[in-house]
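Let's walk through this model together, starting from a few ground rules and moving from the whole chain down to single side chains. Keep the structure open as you read.

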Amino acid sequence: MKFRFTIDDIAAARDAGAIDAVTFERLSQFLASRQAAVAEATSQTPRYDVVNLLWYAGALIVLTAMGMFSTTAFGLWGDKALLATAIVYAVLFALAGAYLWRKRDLHTPGGLLIACAVGMTPLAIFALQSMFGVNPAGEARPYGDFYVWIKSSWLPMELGTIAAACVALLAFPFPFLVMIIAFSLWFMSMDLTPWLMGVQEFSWDQRASVSMYFGLAVLAAAWLVDLKRWRSGDFAFWLHLFGLMAFWGGLTAQHSGDELGKALYCAINVMLIFLSVFLMRRAYAVFGAVGVTIYLGYLASSVFQDSILFPFALSGIGVLLIVFGLMFHRHGAAIGAEIGELLPAHLRGLRPAHAREPG
C-alpha cells in the first residue's frame, strides 16, 4: 500500500512529537526541491495540444517538402545547387532552433527546427555522392527513390543521418531526434538485407524476417533506455514505436504455415498486450489487439465459417477488448502499480522507470 504525504502532514508529525524541528526542516527542503525538479521535467515534456500538433506537422511538412523539392532541383540545377540548398537550409534551421532552445526556452519548436536541420543530411550526402561520381543505387536515380528502392549504396546517407542526429542529441536532448535515428536504422536494416542473407536478390519473406529481427533489437534498445527516467523527455517512445512497427510488420508478413503457426502468431500478440501493462506502453496493446483481431478474422473466414455461434463469441471477445482498453485508460497507472508489487524483486527492477515510479 502506498501513501502520499503533504507538507501539512509532516508539520502535524512535528507538532505531535513524531519528528523534531531539524528533521522537519530537512524534509521540507527536500520536498520543495523534489517538487521543483518534477515541475521542471513536466514543463519539458511535450503536451500534444493544438499548438504542439501544428509544430510537429510543420516540421514533418518541411522534411517531406525537401524530399519532393530535391527531385526537381537535381534535374534542373544539378548536384552543386542541391548541396548548397541542403547546407543553407541546415544552417538556417540550426541557428533558429538553437535560438529558440537556448534564448527563448522554447524546447519543442526549437528541437523540431534542429530535427529539420538534421533532416538535410541525407540530401547533402546524396549531392556529394553525385558530385564525386558515386551515384546511389549504382545508377542515375532521383533523391526521392531513397524512400522507395532498397539498395546498399544508400548506406552513406543513412550512416551520415544517424551521426548527425547523435551529435544534435548531445547538444539538444530532444526526443523527436530519436525518431530520425530509428527511421534511418530501419532503412539500413533493409539495405543490409542482401549482405545479412548472403544473397544478391532477396524475397519478401527474407525482407520480413530482417524487419522482424531488427524490430526486436530496437525494442531491446528501447527497453534499456526506458530503465532510466530522463528529465529531458521520453527518449524511448520513438524507439518503441518504430521497433513495434518493424517487429509486428515483419511478423505479420511472415507465412505462418499450419494452424499451429497461426496460433503462435496470436499468442505473440496476446503477449504484446500483457507487455503493455508491464512496460506501461499503450502502443504494445494497440499492435497486439490488431494482431489478435487479424487472427480472429482468419478463424471466422476459414476455420469457423459455418459455425453459427462463432460470430457471437467473436463479438464477446471484441467487447472484452473494449473493456480492457477502458480499464487501461482509467486505471492503467494503478494496475501497473499493483502488478509491480506482486512481481518478484528481480523482475520489478526490469520495469521501465516510469512504471516503477508512476507520477
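Two residues are in contact here when they have heavy atoms within 4.5 Å of each other. What you see is a predicted model, in which local features need pLDDT of at least 70, side-chain atom pairs count only at pLDDT 80 or more, and totals for chains, interfaces and linings use all residues. Residues are numbered from 1 along each chain as its sequence is written, and side-chain values use heavy atoms, with hydrogens and water left out.

Begin with the overall picture. The chain has 16 helices and zero strands; these are DSSP runs numbered from the N terminus, with helices being H or I of at least four residues and strands E of at least two. Of its 359 residues, 39% are buried, meaning under 20% relative accessible area, while exposed is over 50% and partly exposed lies in between (1.4 Å probe, protein chains only). The chain exposes about 20400 Å², and carbon and sulfur atoms supply 70% of that area, as computed by the Shrake-Rupley method with a 1.4 Å probe. Among contacts with a separation of 6 or more, 63% join residues 24 or more positions apart.

Now look inside. In soluble globular proteins, nonpolar side chains tend to be buried together. A nonpolar core is a set of buried Ala, Val, Leu, Ile, Met, Phe, Trp, Tyr and Cys residues joined through side-chain atoms within 4.5 Å. The largest one here holds 34 residues, of which Phe174, Phe176 and Leu177 touch the most other members. Helices supplying at least two residues of this core include H3 (50-77), H8 (176-191) and H11 (237-253), and H8 gives the largest share, eight residues. Which residues does Phe176 contact, leaving aside its neighbours within four places in sequence? They are Tyr56, Leu60, Leu112, Ala115 and Trp238.

Trp238 leads us to H11, where it is one of the buried residues, along with others including Phe242, Phe247 and Trp248. H11 has 17 residues and reaches 24 Å from its first C-alpha to its last, close to the 24 Å expected at 1.5 Å a residue; the expected span is 1.5 Å times one less than the number of residues.

Finally, some individual side chains. Thr85 sits in helix H4 and counts as buried because its relative accessibility is 15%. Its side chain reaches the backbone oxygen of Ala81 at 2.8 Å. As for cysteines, Cys116 is buried at 2% relative accessibility, whereas Cys166 is partly exposed at 37%. The structure holds zero disulfides (cysteine sulfur pairs within 2.5 Å).

How values were computed. Polar contact = N/O pair within 3.5 Å; in protein donor to acceptor, adjacent residues only side chain to side chain.
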